[in-house]
Amino acid sequence: AIFYPSGTLKINAFIVTPEKAQQHLSEDRYAANYPVILFNHGGISGLNENSKRRCRELSAQGYVVFASSFRGEDRSDGKIEVALGEVNDVLAGLHWLEQNAAMEHLDPQRVALVGFSHGALISLQAAKRAHRFKALVFSYGVSDVYSWVQYLRDSGQLGQDALTRKIYGTGPQSRPNEYAQRFGLANLDKLDPSLEVLIIQGKLDEIVPPSQAEALAKTLNAQVIKTTVRYFPDATHGFLIRREALIGLEKQQSDQAWREIYQFLARTLKQIN
């Protein structure tokens, strides 16, 4: 782990290079300098062991993987903001990597964002602010906060904790700026037109429903952003990360989704078809 600056804050990050991943997984097949993956985890509880395993697996495919524990998590400074300051943390992490490119044997011209749930929205917001990314993997993320909060309310899932009340209040009319700043479908015209997007979504996801993926795909297509959407019929929320707990069809579909992610990243970052 390292700490890097994000404004006045120090942010904790987990970084894996193919050489280090070699200690845990198969022999590295690629030469330096390596493309970069900014791995943006889901939830607001930091980087868990399952996420670290996925980072190592990704790195063993031939990437430097950089995973932030965003502000307020895992000994990072600051407070959790939910897809606001965390976007600054991602872009500051990229800046740190650029400054340390030689030491980490990475190519700062070949960078992808890979995000899950909360981290998917963070990734999308980061891609709007910096034309530095070749690819974005958006996995079961919230693209339309307005319809999502209504969905949570209708399904009895909207939390009553202090953070939820602070951000979402009693609805958009009570917190208009909070919703507007987290609306992933806004300003997609600011994306680099050469960006490629892979959307991954479980059909049985009851936390972030498939309608969120559909809305993002429709809006990206209207912007003529090259977009692929993959739905997995037996997958629930988090099926890409919590693989060790899966069985049956959901485990098979997690395996398949990861194969497609690897192929997508190889094509966009390494020009391997």
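Predicted model: local features only at pLDDT ≥ 70, side-chain atom pairs only at ≥ 80, totals over all residues.
Local features here need pLDDT of at least 70 and side-chain atom pairs count only at pLDDT 80 or more, while totals for chains, interfaces and linings use all residues. Residues are numbered from 1 along each chain as its sequence is written, and side-chain values use heavy atoms, with hydrogens and water left out.

Q: Why is the pair of Phe-39 and Phe-116 called tilted?
A: Rings of Phe, Tyr and Trp (its six-membered ring) pair if their centres lie within 6.5 Å; planes under 30 degrees apart count as stacked, over 60 as edge-to-face and the rest as tilted. The structure holds 12 aromatic pairs. In the one formed by Phe-39 and Phe-116, the centres are 4.9 Å apart and the planes make 45 degrees, which gives a tilted pair.

Q: What makes this a link between distant parts of the chain?
A: Phe-39 sits in strand 3 (residues 34-40) and Phe-116 in strand 5 (residues 106-116), 77 residues apart. Helices (H or I, at least four residues) and strands (E, at least two) are DSSP runs, numbered from the N terminus.

Q: How do you know whether Phe-39 is buried or exposed?
A: Buried means under 20% relative accessible area, exposed over 50%, and partly exposed in between (1.4 Å probe, protein chains only). Phe-39 has 0% relative accessibility, so Phe-39 counts as buried. Phe-116, at 1%, therefore counts as buried too.

Q: Why is the pair of Tyr-168 and Tyr-179 called edge-to-face?
A: The centres of Tyr-168 and Tyr-179 lie 5.8 Å apart, and the angle between the planes is 70 degrees, giving an edge-to-face pair. Tyr-168 belongs to helix 7 (residues 162-168) and Tyr-179 to helix 8 (residues 176-181), so the pair ties together parts that are 11 residues apart in sequence. Both Tyr-168 and Tyr-179 are buried.

Q: What makes Arg-230 a charge over the ring of Phe-232?
A: The rule asks for NZ of Lys or CZ of Arg within 6 Å of the ring centre and within 35 degrees of the ring normal. The charged end of Arg-230 sits over the Phe-232 ring at 4.7 Å from its centre. Likewise, Lys-270 has its charged end over the ring of Tyr-63, 4.3 Å from the centre. Phe-232 also belongs to an aromatic cluster whose members include Phe-39, Phe-116 and Tyr-140.

Q: How do you know that strand 3 and strand 5 pair?
A: Two strands pair if DSSP finds at least two bridges between them. Six bridges join strand 3 to strand 5, and these strands run parallel. Val-36 stands opposite Val-111 of strand 5. Strand 5 is also joined to strand 6 (residues 135-139) by five bridges, again in parallel, with Phe-138 of strand 6 as the bridge partner of Gly-115.

Q: Why is the β-α-β unit of strand 5, helix 5 and strand 6 called right-handed?
A: A crossover is right-handed if, with the strands pointing away from the viewer, the path from the first strand over the helix to the second runs clockwise. Strand 5, helix 5 (residues 118-129) and strand 6 make a unit of this right-handed kind.

Q: What makes a set of residues a nonpolar core?
A: The set must hold buried Ala, Val, Leu, Ile, Met, Phe, Trp, Tyr and Cys residues joined through side-chain atoms within 4.5 Å. The largest such core has 44 residues, and Leu-38, Phe-66 and Leu-216 are among those that touch the most other members. Helix 3 (residues 85-99) gives the most to this core, with seven residues. A second, separate core of 32 residues includes Val-16 and Ala-266.

Q: Why is Glu-98 called partly exposed?
A: Glu-98 has 27% relative accessibility, so Glu-98 counts as partly exposed. Glu-98 lies in helix 3. Contact means heavy atoms within 4.5 Å, and Glu-98 touches Pro-108 and Arg-132, not counting residues up to four places away in sequence.

Q: What makes the phi of Ala-83 worth a look?
A: Ala-83 has a positive phi of about 65 degrees although it is not a glycine. Ala-83 is placed in the loop between strand 4 and helix 3, and at 2% relative accessibility Ala-83 counts as buried.
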